[in-house]
Amino acid sequence: MGAYLARRLLALIPTLLLASIIVFVTIRLIPGDVIDLMLSQNDVAADKLSRDQVVAALGLDKPVSTQYLHWIGGITLHGDLGRSLWQNMPVTELLAARLPVTFELGLLAMLVALVIALPIGTYSALRQDTRGDYIARSFSILLLAVPSFWLGTMVMVFPSIWWGWSPEVNYVRFLDDPWQNLKQMALPAIVLGAGLSAITMRLMRTMMLEVLRQDYIRTAWAKGLPERLVVMRHAMRNALVPVITLIGLQAPLLIGGAVIIETIFVIPGMGLLLLDAVNQRDYPIITGVFLVVGVAVTLINLLVDLSYGVLDPKVRYR
Amino acid sequence: MNKPGIRRRDAARLLAASGVLPLLVRAQNARPEVPKYGGKLEIGTIYVTLSALSWDPADWNWKINHDGGMYEQLFAADLSKSKRNGGKHTYYADAWIPADAIKGELAESWRWVDPLRLEIKLRAGVMFPEKPGVMKARELVADDVVFAFNRLWASPKKTVAYFDHVKKVSAIDKSTVVFEFNEFNAEWDYRFGYGYYSGIVPKEVADAGASNWKNTNGTGPFALTDHVSGNSNTYARNPNYWDKETINGTEYKLPFLDQIIYRTIKDEATYITALRTAKLDMLETIRWQHVAELKKSAPALQWERSLAMAGTYLAMRVDVKPFDDVRVRRAMNLAINKEEIIKAYYGGNAEMFAFPQHPDYGAYYEPLSGMPDSVKELFTYNPQKAKKLLAEAGYPNGFAFKAQFSPVAVDHIDLMPLLVAYLEQVGVKMEVQAMEYPAFLSAMTTRTNAPGYLMNNGHTNPLTTLRKNFVPGQVWNPSQWNDPAFSKKVDQMYAERDEPKRQALAREMIREIVDKAPYVWLPTQYLYRAWWPWVKNYGGEVRAGAVRPWPIYARIWIDQELKKKMGFA
């Protein structure tokens with residue numbers, strides 16, 4: 001297990017290095033340059049001297065390879081992701097403020113998805129082809145069909161027209177007021193989690209149907225075990241392995257979905273930070289966000305892989 | 001849904017439906033109101049979608065002047081001359097204070113000692129408040145102004161030409177600053193007196209790191225106490241602020257409010273919703289499409305509208321064929337039915353002619369009715385004449401060209417197909433390219449934009465609008481207009497000390513440039529602002545300097561009693 005973990009962690013390094021090179025270079029290749037954007041803020045035209053000064057002040061006068069080595073050196077030696085080109089603030093500080101927000105939103109959305117998907121998916125499998133099963137499957141298709149940006153907008157707009165109520169736009173940090181924070185995060189988490197729950201629900205149903213037809217389940221029924229024990233102890237544990245894999249694979253999608261949900265519900269997470277950074281071509285923030293997301297996604301997938309051993313005793317790590 | 005919300009809503013609707021609410025508001029407005037201190041104001045500003053881009057004027061970013069409620073400048077707008085107070089000024093312009101409406105903010109008085117030497121006497125007793133870890137409380141002195149200017153001038157992010165006209169800034173005593181000029185520039189007051197980067201940042205803040213919001217500290221009416229990027233800026237009252245306001249003959253110390261919160265909300269549906277449910281006390285930018293519904297669902301809102309401070313046009317590159325021929329450019333104008341666009345597309349919420357000069361710009365502006373016939377003609381719809389002009393220019397069967405636009409200007413998504421359809425009627429095929437905004441902007445700044453370029457462009461002020469649009473080398477010149485004679489006139493205008501003469505020159509240049517049609521001149525739309533009736537001493541003013549609202553906000557007070565009566569306390 002220890003050796004496996006070490007190997008996986010070591011394998012992260014080339015993956016992240018490669019990802020960082022790709023992001024670092026491609027963001028500089030897309031049309032629209034940060035210098036053009038900065039100089040267009042001013043209503044007096046900048047001459048070449050002004051332009052060169054700004055380029056040098058931002059450290060963009062050096063070759064991209066030198067900039068990359070400087071950047072990666074800062075990370076490895078000092079944990080420094082550079083400074084925002086616009087705000088002149090350390091990127092690590094900006095990310096430190098935003099990461100917990102998106103992490104909380106993602107976690108809550110995941111919880112919402114699981115709370116909806118696992119019981120309904122299980123129920124649907126146990127009552128296959130009954131009215132309850134049809135309703136549950138239709139519900140999952142409905143959730144799949146409704147995009148989160150639409151659902152989010154509806155949740156934001158219509159209660160305000162009908163009842164004069166709307167979700168909070170004032171973000172409160174969890175540590176400042178946990179209850180207020182959770183009240184604000186609940187709706188976005190439900191909206192974000194709804195789409196994920198639909199896929200998870202359908203996979204859970206399929207896996208449960210497969211497991212419920214296995215010999216050892218038939219044996220469990222034959223032994224006269226109560227349904228609760230058969231389902232919870234024997235069936236669900238095995239059915240969960242692919243579901244957990246799916247959740248791991250959904251993690252990047254959750255972060256992508258957060259861009260839209262954070263925009264609609266005014267949640268200052270990494271999604272909004274990334275959106276602003278892309279619009280402003282703030283290269284250090286963009287590369288910093290992608291690096292953090294890359295690390296998060298690979299670690300989540302590592303955790304998923306490790307969870308197989310817990311869920312399925314047949315799995316051994318070598 | 002929560003019951004307090006339902007009760008609030010019911011109370012407000014009941015009041016509105018019964019006719020009591022208007023009476024209540026009118027009664028409140030009719031009797032002399034006594035301002036009250038305290039409360040907080042939550043604002044969706046005119047830049048509601050945009051978080052702070054910088055906290056340091058030396059970054060040369062325009063938005064610091066909008067967000068920096070803690071920094072003051074030499075000059076500001078005299079709000080006693082606003083329309084609300086019986087004056088003539090709307091205070092809506094981007095970065096222009098009319099000459100008769102400039103008042104000293106940190107400057108108590110100023111005089112020209114000679115044609116190139118300006119002496120400014122600073123207000124006495126203006127204090128920088130104490131900021132733990134950054135600076136002790138102390139009085140503002142002339143050296144602070146000199147320091148702020150020199151720091152701006154030494155910034156590696158500066159635009160070199162911006163202060164070409166300034167030779168030297170120095171302090172001759174504790175309260176007197178002298179500006180020595182190389183030449184007269186008619187924008188001298190705007191560029192440093194009330195411009196985008198003119199906030200007086202003390203040395204202590206610069207030493208502590210002015211780009212970090214936690215270090216900001218100035219003499220302004222509010223101090224920044226929290227900043228959640230992408231969500232909010234929170235400002236608290238500066239208890240030692242120097243300015244006062246006289247209301248009904250009584251003098252009041254400013255500011256009235258304890259707290260101001262700027263909300264940053266990117267999604268349009270969300271900020272409209274926040275206004276509707278009074279999570280915003282005021283919203284400074286509302287597109288006309290939302291007005292009818294808001295008036296129905298939140299009937300108590302107070303309203304004001306203004307023509308946008310940005311012109312909409314389809315620029316045509318005059319350095320490439322076929323747009324190098326004025327007949328083609330005029331034909332393009334005649335082919336578009338602008339009257340129909342105003343009626344059918346904007347629902348009447350637009351005007352024919354508010355760019356390149358804005359009707360709010362006083363004598364710099366000349367209405368279309370006073371223009372020569374050849375200019376008036378460009379605003380009529382005459383496809384037959386358009387075809388004739390195209391044929392004369394050698395394009396009897398029309399031509400094809402590429403045009404770029406950015407969907408970030410939501411209206412343009414609908415406007416562009418309309419233009420395509422109109423142009424097709426005269427045989428001109430416009431191939432449309434939608435671009436992400438930074439790429440779109442970069443195309444213009446690097447002068448690689450397509451022959452057609454649909455955009456909104458702010459006026460800034462009555463002089464800048466002529467320079468930045470029609471002088472070669474300027475960033476905001478998408479038609480690549482390059483006429484040495486015209487550029488010379490722009491220089492003359494900047495060098496002219498006498499304002500009526502300057503205004504006459506500007507009017508003459510507007511006639512000339514509109515007639516030469518480097519752009520398809522499109523209608524300018526109205527934008528709305530709305531606020532709840534408990535927001536007092538406010539009439540829809542937006543800017544009292546270069547995108548700077550703080551003197552306006554310092555004068556607003558909240559009628560908490562009315563807010564409570566309406567069920568929103």
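## Val535 of chain B

Val535(B) sits in strand 24 of chain B, which covers residues 535-536; helices (H or I, at least four residues) and strands (E, at least two) are DSSP runs numbered from the N terminus. This is a predicted model, in which local features need pLDDT of at least 70, side-chain atom pairs count only at pLDDT 80 or more, and totals for chains, interfaces and linings use all residues. Residues are numbered from 1 along each chain as its sequence is written, chains are lettered from A and ligands numbered from 1 in the order in which they are written, and side-chain values use heavy atoms, with hydrogens and water left out.

The relative accessible area of Val535(B) is 3%, so the residue is buried. Buried means under 20% relative accessible area, exposed over 50%, and partly exposed in between, with a 1.4 Å probe and protein chains only. Leaving aside residues up to four places away in sequence, Val535(B) touches Leu41(B), Asp281(B), Met282(B), Ile556(B), Trp557(B) and Ile558(B); contact means heavy atoms within 4.5 Å. Between Val535(B) and Asp164(B) there are 371 residues of sequence separation and a C-alpha to C-alpha distance of 43 Å.

## Thr312 of chain B

Thr312(B) belongs to strand 17 of chain B, residues 310-316. Thr312(B) counts as buried because its relative accessibility is 6%. Its side chain makes a polar contact of 2.8 Å with the side chain of Asn456(B). A polar contact is a pair of N or O atoms within 3.5 Å; within protein, one must be able to donate a hydrogen and the other to accept it, and residues adjacent in sequence count only if both atoms are side-chain atoms.

Asn456(B) is also among the residues that Thr312(B) touches when those up to four places away in sequence are not counted.

## Backbone features

Two cis peptide bonds in chain B are described here. One runs from Leu254(B) to Pro255(B), with omega near -5°; Pro255(B) is in the loop between strand 13 (250-253) and strand 14 (259-263) of chain B. Another joins Lys321(B) and Pro322(B), with omega about 0°. Pro322(B) is placed in the loop between strand 17 and helix 9 (326-334) of chain B.

Positive phi values in residues other than glycine occur at Asp129(A), where phi is near 65°, and at Trp60(B), where phi is near 55°. Asp129(A) lies in the loop between helix 5 (91-126) and helix 6 (131-145) of chain A, and counts as partly exposed because its relative accessibility is 47%. Trp60(B) is in the loop between strand 1 (40-44) and helix 3 (64-67) of chain B; at 4% relative accessibility, Trp60(B) counts as buried.

## Chain A

Chain A contains 12 helices and 0 strands. Its C-alpha trace spans about 85 × 60 × 35 Å along the principal axes. Of its 318 residues, 48% count as buried. Among contacts in chain A with a separation of 6 or more, 72% come from residues 24 or more positions apart.

## Interface of chains A and B

The interface brings 53 residues of chain A into contact with 62 residues of chain B. The two chains bury about 4900 Å² between them, 55% of it on carbon and sulfur atoms; buried area is the accessible area (1.4 Å probe) that two parts lose on being put together, summed over both. There are 16 residue pairs in polar contact between chain A and chain B, both residues being at pLDDT 80 or more. The rule finds 3 salt bridges across the interface, a salt bridge being a side-chain nitrogen of Lys or Arg within 4 Å of a carboxyl oxygen of Asp or Glu. Lys266(B) forms a salt bridge with Asp276(A), with the closest N and O atoms 2.7 Å apart.

On the side of chain A that touches chain B, the elements giving two or more residues are helix 2 (34-39), helix 3 (48-57), helix 7 (148-163), helix 10 (227-265) and helix 11 (270-280) of chain A. Helix 7 gives the most, with 7 residues. By class, this side has 28 nonpolar, 16 polar and 9 charged residues. Ala, Val, Leu, Ile, Met, Phe, Trp, Tyr, Cys and Pro count as nonpolar, Asp, Glu, Lys and Arg as charged, and the others, Gly among them, as polar.
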